[in-house]
Amino acid sequence: MVWVMRRRRLLVVASNVHFLDWLRFIPYDVRLFRIRLSKSRFKRALFYATLKPRLKALSYRYDIIFCDFFDEFACLMSHVSSKPIYVRLHRWEVHNPVYLLSANLKNVKAIITVSNHYKRLVEELVKDVVPVYVVPNGVDTKRFYYNPRIHRPLRICTVGNLIPRKRFFDLIVNNPDLEIDIGGKGEERLILEEAIRRFKLKAKICGYVKLPEFYYEHDIFIQNSSDESFGVALVEAMSCGLIPLCFDYPVAEEIVPREFIYRSYDELREKIAKLNQMSDEELSRIKRGMRMIVEEKFSLEKQAKAFTAIFDKFSKNDH
């Protein structure tokens with residue numbers, strides 16, 4: 001008789017699947033239990049009434065339990081799971097750690113953050129109860145492929161939810177002569193459009209944009225957020241060969257070289273002017289360098305290997 005080793009089974013519990021592309025490269029049998037809340041009050045009540053026993057029953061059937069976001073569902077899983085779980089934190093769960101602090105941390109094998117800055121913040125909350133690791137977000141480098149094209153003058157863009165934390169209003173009002181194409185939807189759209197009309201700004205609100213095609217129409221990507229746990233759109237743009245200019249938010253130096261970080265709008269405009277004066281050869285060298293950073297540090301394959309190493313480390317210790 002020939003014995004065939006069974007692949008380990010990974011259960012992923014998530015209400016937001018936006019950051020789970022790396023699962024394609026995981027060497028396990030993966031089952032995604034996606035949380036979908038109905039608008040119907042009756043269906044929502046029924047869902048919550050049956051959720052606890054469903055999660056408990058599911059945990060028996062899988063070798064590894066992973067929750068993306070330390071939300072109410074990860075907290076519940078920490079109390080009902082028959083297996084230790086792994087949980088990833090992004091941003092809001094650290095600044096509002098109600099679920100993190102009410103979870104059964106003794107049943108949490110490891111917490112994974114997406115940056116060293118947020119790792120330090122989480123460690124202050126959990127102390128030595130749970131080990132904390134860093135696995136940066138990854139992007140699909142085949143989908144967001146490198147494009148060497150250079151426009152003259154250089155074209156500027158940014159992408160993100162149109163919300164206060166992204167500081168789009170601040171960016172365009174303080175830089176009225178910069179032609180910035182802004183891709184995204186959100187609560188501030190009408191405010192931004194009114195500011196552009198009223199103050200005759202040169203920025204443009206593009207609404208929903210198709211990626212990566214939108215990136216290929218530009219050369220510079222501005223990240224003006226006051227805070228990000230990482231910066232996925234930034235790395236997507238870098239993968240396509242755009243030159244990043246980032247406000248000095250806490251994680252910026254973990255992604256881009258220091259010379260591409262600004263602390264004032266005067267400094268931002270100086271950097272843009274300097275880039276416009278460069279030759280195509282100099283710009284191409286910078287663009288290729290940004291692509292290399294993504295390939296070396298932020299690909300989906302790198303992300304999947306890092307997660308696998310964490311899962312394997314604890315699984316071996318269990319045996």
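Predicted model: local features only at pLDDT ≥ 70, side-chain atom pairs only at ≥ 80, totals over all residues.
Residues are numbered from 1 along each chain as its sequence is written, and side-chain values use heavy atoms, with hydrogens and water left out. Local features need pLDDT of at least 70, side-chain atom pairs count only at pLDDT 80 or more, and totals for chains, interfaces and linings use all residues.

Strand β5 spans residues 108-113. Helices (H or I, at least four residues) and strands (E, at least two) are DSSP runs, numbered from the N terminus. Five of the six residues of β5 are buried, so the strand is mostly covered. Here buried means under 20% relative accessible area, exposed means over 50%, and partly exposed lies in between (1.4 Å probe, protein chains only). Strand β5 has partners in β4 and β6. Two strands pair if DSSP finds at least two bridges between them. Strand β4 (residues 85-88) pairs with β5 in the parallel sense, over four bridges. In this pairing, Tyr86 stands opposite Ala110. Strand β6 (residues 132-134) also runs parallel to β5, and three bridges join the two.

Leu268 belongs to helix α10 (residues 265-277). Its relative accessibility is 0%, so Leu268 counts as buried. Contact means heavy atoms within 4.5 Å. With neighbours within four places in sequence left aside, Leu268 is in contact with Leu171, Asn175, Ile222, Leu245 and Tyr262. Ser226 is 42 residues from Leu268 along the chain, and their C-alpha atoms are separated by 15 Å.

The structure holds 20 salt bridges. A salt bridge is a side-chain nitrogen of Lys or Arg within 4 Å of a carboxyl oxygen of Asp or Glu. One of them joins Arg165 to Glu228, with the closest N and O atoms 3.4 Å apart. This pair links distant parts of the chain, 63 residues apart. Arg165 sits in the loop between β7 (156-159) and α6 (168-173), and Glu228 in the loop between β10 (220-223) and α9 (232-239). Arg165 is partly exposed, because its relative accessible area is 21%. Glu228 has 9% relative accessibility and therefore counts as buried.

Glu228 also meets Lys166 in a salt bridge (2.5 Å, N to O). Lys166 lies in the loop between β7 and α6 and Glu228 in the loop between β10 and α9, so this pair ties together parts 62 residues apart in sequence. Lys166 counts as buried because its relative accessibility is 13%.

The side chains of Glu193 and Arg189 form another salt bridge (2.8 Å, N to O). Both residues lie in helix α7 (residues 189-199), four residues apart, about one turn of the helix. Glu193 is partly exposed, with a relative accessible area of 31%. Arg189 is partly exposed at 29%. Finally, a network of salt bridges links Asp248, Glu253, Arg258 and Arg263.
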